[in-house]
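Good morning, and thank you for coming. I would like to walk you through one part of a structure that is now on the screen.

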Amino acid sequence: MHALHYRESGEQASGNSPLLFLHGLFGSASNWGRVVSHFSATHRCILPDLRNHGRSFHTSDVGYQAQADDLIRLMNHLGIESANFIGHSMGGKVAMQLALEYPRRCNKLVVVDIAPVSYRHGFGEIIDSLRSIDLDLLGSRQEADNLLAGRLDNPGLRGFLLQNLVRDNGRWTWRLNLDALAQGQQEIVGFPVQRRRPFSGESLFIAGEKSGYINYRDHGVIQSLFPGATIVTIPGAGHWVYAEKPVLFIEQLEHFLRAS
């Protein structure tokens, strides 16, 4: 059975549960740098690369149950009985799935700018853009950015995606499993709909004011599955809430984790 690659930092102060930070689609453990730097002073922080991302294994199964099971195996390996989960976007859906299926393993749940619903938009254009680069002919990362600029006009998005472009044995390669992500696109933008018992623990949903990923229509679905949920909005933030407004994000997270 494959194991997730992960990073670990911090010291766990008495009474504090470990924190597991879950990145979003096309991301990796390194995305959480500033937030983890803050919390590692008081918490044991675990940052896995989710399957098909970062340094973790590639597989055709992109389902949320499989990803939740990956985390349970990681927790067992690390001797962690239960933890607090902080998941952004796709990582938020993984965290929700784990909380619903394995509630005893999740103390507190933080979901960042995503809801337990299916989204209509896809990400095929991004994958097509990455696939359009001939890695055998690529000379540099800057050249890759120039090529992507013709299809993706947001330089911040290009920079984020190009973190996945690495040199391996003298050749450029993507750490992302682009084939599996493309084929599993509908599963990733969806969320398992089977009837299930709600998660009775405390949960915090953090939305970005400028993002449309959590809207008022989603509040009822969130409350039905997570009746202990608090929903807050970070002013001026888009989808990457923790990167765009780190101070406000950390304040919300600290307050939630301190509350009994």
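This is a predicted model: local features need pLDDT of at least 70, side-chain atom pairs count only at pLDDT 80 or more; totals for chains, interfaces and linings use all residues.

Let us begin with strand β8, which spans residues 202–208. How many of its seven residues are buried? The number is six, so that β8 is mostly covered.

Next, the partners of this strand. Strand β5, residues 106–112, runs parallel to β8, and five bridges join the two. Within this pairing, Leu 109 stands opposite Ser 203 of β8. Strand β9, residues 229–234, also pairs with β8 in the parallel sense, here over six bridges. In that pairing, Gly 208 faces Ile 234 of β9 as its opposite residue.

I now turn to Asp 113, which lies in the loop between β5 and α4. Is Asp 113 buried or exposed? Its relative accessible area is 0%, and because buried means under 20%, Asp 113 counts as buried.

Which residues surround it? Beyond its neighbours within four places in sequence, Asp 113 is in contact with several residues, among them Ile 206, Ala 207 and Gly 208, and also Ser 89, Tyr 213 and His 239. With His 239 there is a polar contact of 2.6 Å between the side chains. Finally, consider Trp 240: in sequence, 127 residues separate Asp 113 from Trp 240, yet their C-alpha atoms are 7.9 Å apart in space.

Conventions
Residues are numbered from 1 along each chain as its sequence is written. Side-chain values use heavy atoms; hydrogens and water are left out. Buried means under 20% relative accessible area, exposed over 50%, partly exposed in between (1.4 Å probe, protein chains only). Helices (H or I, at least four residues) and strands (E, at least two) are DSSP runs, numbered from the N terminus. Two strands pair if DSSP finds at least two bridges between them. Contact means heavy atoms within 4.5 Å. A polar contact is a pair of N or O atoms within 3.5 Å; within protein, one must be able to donate a hydrogen and the other to accept it, and residues adjacent in sequence count only if both atoms are side-chain atoms.
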